Amino acid sequence: MSINGKYVYSIELDTMQDAKDMVAIATKLKGKILLKSGTRFSINAKSLLGVLSLGIAQGTTIRVIGDGSDETEAVDTLVALVESNFDE
């Protein structure tokens, strides 16, 4: 779903492996990818510590914000990972 040009998804990071998978995919992409949870700060999706610092729990809504030459590809790739329930 897109709200004001930003992609918004309800996701779960149930395990450390889910967070690692998200960071691994984000790291392969050229563009800048930010994640934002609620009113909290935005973090770099390429940082495991950053992803863990959001405290994403079951059903938490996050915003996925892409910026750069491959913005659409970056966001679409992360969204596909989330929608597949982190099955690569």
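A quick word on what you're looking at. This is a predicted model, where local features need pLDDT of at least 70 and side-chain atom pairs count only at pLDDT 80 or more, while totals for chains, interfaces and linings use all residues. Residues are numbered from 1 along each chain as its sequence is written, and side-chain values use heavy atoms, leaving out hydrogens and water.

Now the layout. There are three helices and five strands in the protein, and from the N terminus on they run β-β-α-β-β-α-β-α. Helices here are DSSP runs of H or I with at least four residues, strands are runs of E with at least two, and both are numbered from the N terminus.

How much of the chain is buried? Of the 88 residues, 40% are, where buried means under 20% relative accessible area, exposed means over 50%, and partly exposed is in between, using a 1.4 Å probe and protein chains only. As for contacts, meaning heavy atoms within 4.5 Å, take the ones between residues at least 6 apart in sequence: 62% of them join residues at least 24 apart.

On to the inside. The largest nonpolar core has 23 residues, and Met22, Ile33, Leu35, Val51, Val64 and Leu78 touch the most other members. By nonpolar core I mean a set of buried Ala, Val, Leu, Ile, Met, Phe, Trp, Tyr and Cys residues joined through side-chain atoms within 4.5 Å. Which elements give two or more residues to this core? They are helix H1 (16-28), strand E3 (32-37), strand E5 (60-67) and helix H3 (71-83). H3 gives the most, with six residues.

Do have a look at Leu78. Setting aside residues up to four places away in sequence, Leu78 touches Met22, Ile25, Ala26, Ile33, Ala45 and Val64.

H1 and H3 pack at an angle of about 160°, with axes 10 Å apart. Axes are lines fitted to C-alpha atoms, for helices over the stretch in contact, and angles run from 0 to 180 degrees between N-to-C directions. The two helices are therefore roughly antiparallel to each other, a label for angles over 145 degrees; under 35 is roughly parallel, 65 to 115 roughly perpendicular, and the rest oblique. Across this pairing, Asp21, Met22, Ile25 and Ala26 in H1 meet Thr77, Leu78, Leu81 and Val82 in H3.

Let me finish with a few single residues. Phe86 sits in the segment after H3 and is buried, at a relative accessible area of 6%. Phe86 and Met22 are 64 residues apart in sequence, yet 7.8 Å apart in space, C-alpha to C-alpha. Gln17, in helix H1, is partly exposed at 44%, and its C-alpha atom is 9.0 Å from that of Phe86, 69 residues away along the chain.

Then there is Ser37 in strand E3, buried at 9%. Not counting residues up to four places away in sequence, Ser37 touches Leu54, Thr60, Thr61 and Ile62. Lastly, Gly50 lies in helix H2, residues 48-53, and is buried at 12%.
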